[in-house]
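Please consult the sequence and structure shown here before reading on.

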Amino acid sequence: MDIELSQSRVHGRARAPPSKSYTHRAILAAGYSAGALVYDPLNSADTKATMRAVEAFGGDVDRDATEDRLDVTGFNGRPDVPADVVDCANSGTTMRLVTACAALADGITVLTGDSSLRSRPQGPLLDAIDDLGGRAESTRDNGQAPIAIRGPISGGSVSIPGDVSSQYISALLMAGAVTEEGIDVELETELKSAPYVDITLEVLEAFGVDAEQTDDGFSVSGGQSYEPTDGEYHVPGDFSSMSYLLAAGAVAAEEGKDVVVAGAYPSAQGDSAIVDVLERMGADVEWNRDDGYITVRKSDLSGVEVDVGDTPDLLPTIAVLGAVAEGDTRIVNCEHVRYKETDRVSAMAEELGALGAAVTEEADVLTIHGDESELEGAAVDGHGDHRIVMSLAVAALVADGTTTVAGGEHVDVSFPDFFDVLYDLGADVRRT
Ligand SMILES: O=C(O)C1=C[C@@H](OP(=O)(O)O)[C@@H](O)[C@H](O)C1
Ligand SMILES: C=C(OP(=O)(O)O)C(=O)O
């Protein structure tokens with residue numbers, strides 16, 4: 001589906017969707033338990049893949065739309081061997097978290113996904129499962145899905161690189177809690193995307209599971225049970241999704257009016273750093289942490305340097321801000337952002353370039369030269385990636401004329417009603 005957007009001004013109040021990262025973990029943690037209620041879940045293509053996986057392992061996930069809740073019957077720490085191949089669709093989080101869960105089952109689980117997911121790196125996690133006494137193989141022997149995992153593992157110690165995906169560590173910690181021996185993870189390199197492991201630790205704690213950071217990595221003891229307080233868990237709002245709405249306000253809010261984003265309570269999400277990035281760029285932004293909302297007005301932005309080591313998902317949003325700002329915006333420490341649904345470093349360089357931005361791409365750095373950028377409406381491609389689509393839609397609000405973004409349907413991965421929210425804020429947006 002193509003989305004046509006014309007230069008627009010926006011204002012008003014919006015609510016960001018619930019956090020994708022917390023929802024995945026809450027659904028799987030509820031699966032590891034005897035059963036739990038997950039309130040305010042994100043219902044999106046990616047989180048549905050995790051729901052399907054919990055069902056494949058013998059659990060059950062029922063959606064109660066009136067209560068905005070998922071009623072999860074768990075498999076109580078002992079996943080069945082799935083009766084069929086598990087399709088993780090476009091979701092890296094699902095594939096990684098489910099790989100470690102599959103290693104607990106007494107048999108073989110086969111995981112696959114769409115063509116994007118089948119090109120993303122799984123090798124380090126497969127090696128870790130092997131080292132823990134299971135068998136894990138890529139069917140094409142290239143470290144990518146489809147993958148086959150044979151369990152059961154009983155825990156142990158393992159070392160793993162930290163600079164490919166933090167999801168490997170989250171996966172091992174979640175599964176390790178219900179092994180006999182527990183799992184110690186030693187990091188072979190510096191950890192990228194570290195706040196996502198903090199999110200895992202926060203959800204584990206909410207489900208009564210102890211896990212901790214150690215001098216050289218992370219550790220979880222075995223023999224634990226997942227039991228959330230009062231049998232329920234509440235998912236907070238998603239700061240990665242909020243970043244598009246905040247960026248829209250910063251570059252395109254109507255004169256004298258603001259964009260207010262609700263659902264913004266503090267949590268372990270590294271992507272709340274978007275507020276700090278906007279402030280550093282000179283945006284007029286205020287975060288009321290107690291009441292959970294962020295207010296932003298249009299302001300003149302200046303280029304800054306941003307290290308996205310902890311916050312890879314912010315790269316597309318920051319790149320768009322950079323194209324509107326004065327001077328250079330240097331996004332550094334971004335090599336791991338190439339291992340996402342698409343290579344987001346090169347996708348943003350290409351598509352912002354098509355809109356008239358001047359961009360320099362290096363292996364680990366993306367520089368947007370705001371002074372040499374004049375955004376003009378054009379036909380751009382979302383590269384089948386929800387974050388590329390949403391960030392290009394923000395760029396389209398300031399580009400002269402009309403922009404067409406191909407692949408608008410991919411927002412269903414993390415923010416299914418993104419275009420409705422943008423429309424309600426006043427954007428001139430049409431599905432074609
Ligand atoms: O664990 C998670 O929920 C996520 C971790 C990050 O991936 P990496 O750890 O692979 O960088 C992030 O990019 C992804 O959107 C969600
Ligand atoms: C990379 C992302 O998710 P995942 O790794 O779960 O596919 C994302 O949402 O930007």
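Predicted model: local features only at pLDDT ≥ 70, side-chain atom pairs only at ≥ 80, totals over all residues.

Residues are numbered from 1 along each chain as its sequence is written, while chains are lettered from A and ligands numbered from 1 in the order in which they are written.

**Domains**

- The protein is divided into domain 1 (2-17 + 237-431) and domain 2 (20-234), with bounds that come from an automatic or database domain assignment.
- The C-alpha centres of domain 1 and domain 2 lie 29 Å apart.
- In the interface, 17 residues of domain 1 are in contact with 19 residues of domain 2, contact being defined by C-beta atoms, placed from the backbone, that lie within 7 Å.
- On the side of domain 1 that touches domain 2 there are six nonpolar, seven polar and four charged residues; Ala, Val, Leu, Ile, Met, Phe, Trp, Tyr, Cys and Pro count as nonpolar, Asp, Glu, Lys and Arg as charged, and the others, Gly among them, as polar.
- An unreviewed UniProt entry lists residues 7-422 as "domain: Enolpyruvate transferase"; UniProt annotations may be inferred rather than shown by experiment.
- Over residues 7-422 the chain is 31% helix and 22% strand, and the end C-alpha atoms are 12 Å apart. Here helices (H or I, at least four residues) and strands (E, at least two) are DSSP runs, numbered from the N terminus.

**Ligand shells**

- The shell around ligand 1 includes Ser 21, Thr 93, Lys 192, Tyr 196, Asp 313 and His 336, where a residue belongs if its C-beta atom, placed from the backbone, lies within 6 Å.
- By class, the ligand 1 shell has two nonpolar, eight polar and two charged residues.
- Because domain 1 and domain 2 both give residues to this shell, ligand 1 lies between them.
- Around ligand 2 are residues including Lys 20, Asp 46, Thr 93, Asp 313, Lys 340, Glu 341 and Arg 387.
- The ligand 2 shell divides into no nonpolar, four polar and six charged residues.
- Ligand 2 also lies between the domains, because both domain 1 and domain 2 give residues to its shell.

**Helices α1 and α2**

- The axes of α1 (residues 20-32) and α2 (residues 45-56) come within 9 Å and cross at roughly 10 degrees; axes are lines fitted to C-alpha atoms over the stretch in contact, with angles from 0 to 180 degrees between N-to-C directions.
- The two helices are therefore roughly parallel, a term for angles under 35 degrees.
- Residues of α1 including Lys 20, Ile 27 and Leu 28 meet residues of α2 including Asp 46, Met 51 and Val 54.
- This contact has four nonpolar, five polar and two charged residues.

**Backbone features**

- Most residues other than glycine have a negative phi, and most peptide bonds are trans.
- The peptide bond from Ala 145 to Pro 146 is cis, with omega near 5 degrees, and Pro 146 is in the loop between β8 (135-138) and β9 (147-150).
- The peptide bond from Gly 151 to Pro 152 is likewise cis, with omega near 5 degrees; Pro 152 lies in the loop between β9 and β10 (156-160).
- Asn 76, in the loop between β5 (69-73) and β6 (86-87), has a positive phi near 55 degrees.

Key
Contact = placed C-beta atoms within 7 Å. Parallel < 35°, antiparallel > 145°, perpendicular 65-115°, else oblique.
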